[in-house]
Amino acid sequence: MNIPHLLFRLEASPLGAFTRGLGVWSYGIINLVHILGIVMLFGSILLLDLRLLGVWRSIPLSALSRPTVTLAMTGFFIAVASGIPMLAVKAGDYSDNPFLLIKFPAIALALLNVWLVHRSEAWRAHRVRDLAPPERRRLALGASLSLTFWLTAITGGRMIGYW
Amino acid sequence: MPRFHPALFAAAVLFAATPGALSPAWAHHGWGGQEEQVTSLTGTVVEGVSMAGPHATMKIRSGNDVWDLTLAPPARTARSGLKEGLIPVGATVTVRGNRNSDHSRHEMKTISIRHGSAEYHVYPDRE
């Protein structure tokens, strides 16, 4: 099963039909929710990643990591929950859209990076003690990758409509 | 007094440079990629007005070609008096708009649609 086929299936799905029938403001409102999700996700990621890259060292990392990770996860789920119906409205229209092929692999890489950072010894240790320089470098690397992948995903996503 | 942070500075520069790097894409709302002149097209409706998505759409057949018509955003299209199902499939309509500069694509950003004695001006300011 290829990607265009999946997109046409999504458009023909009950979710697609339901979303298309919601009225003239529905697309704009779903789009708004999607943006709010991305704002929550990227805003908190930016804060945490800059801290991991060495900005605002006077703020303890453990004090920043809890609210930013919680907000980022919440924002991500809002973005997914609004993004799927938004795509389903006319998914088939995007079957030849190259930005989709930038956005979704970038999200996959970003999530892989989240998983790798969270299982690292440095990330586990940051809650209970100060980090050694190699550990700080490990997290700074994760933060650079995070910013690269999420910015790529957001850029790809925003450009979908301009293809 | 805020300190100078190289990482923050680099991020800010990157951010500020983004719109410049992507500027051709901003042409969308000026209908870039469309011809300046207004084209008139008569055909029969293949797919009636759909109010789903960022813009309302419909499809008409003119000669051997099926045209994708892009209307205004749904709420604005509705304010012109158009509704889904108002113009039946098979009806003859005359549309005016700016066609895609790429003539291999039969696509038009629609300004107005005439159906019988009714005329719907979805973008009256672009006449």
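Helix H5 (residues 100-118) of chain A packs against helix H7 (residues 133-160) of chain A at an angle of about 155 degrees, and their axes are 8 Å apart. This is a predicted model, in which local features need pLDDT of at least 70, side-chain atom pairs count only at pLDDT 80 or more, and totals for chains, interfaces and linings use all residues. Residues are numbered from 1 along each chain as its sequence is written, while chains are lettered from A and ligands numbered from 1 in the order in which they are written.

Q: Why is H5(A) called roughly antiparallel to H7(A)?
A: Angles over 145 degrees count as roughly antiparallel (under 35 as roughly parallel, 65 to 115 as roughly perpendicular, the rest as oblique); the angle here is about 155 degrees, so H5(A) is roughly antiparallel to H7(A).

Q: What makes up the contact of H5(A) with H7(A), by residue class?
A: The residues divide into 14 nonpolar, six polar and one charged, where Ala, Val, Leu, Ile, Met, Phe, Trp, Tyr, Cys and Pro count as nonpolar, Asp, Glu, Lys and Arg as charged, and the others, Gly among them, as polar.

Q: Why does Gly83(A) count as partly exposed?
A: A residue is buried with 20 or more other C-beta atoms within 10 Å of its own, exposed with 12 or fewer, and partly exposed in between; Gly83(A) has 19 such neighbours and therefore counts as partly exposed. Gly83(A) lies in helix H4 (residues 61-89) of chain A.

Q: How many residues does each chain give to the contact between chain A and chain B?
A: Chain A gives 13 residues and chain B gives 13 residues, contact being defined by C-beta atoms, placed from the backbone, within 7 Å. The side of chain A that touches chain B divides into nine nonpolar, two polar and two charged residues.

Note on methods:
Contact = placed C-beta atoms within 7 Å. Axes fitted to C-alpha atoms, helices over the stretch in contact; angles between N-to-C directions. Helix = DSSP H or I, 4+ residues; strand = E, 2+ residues; numbered from the N terminus.
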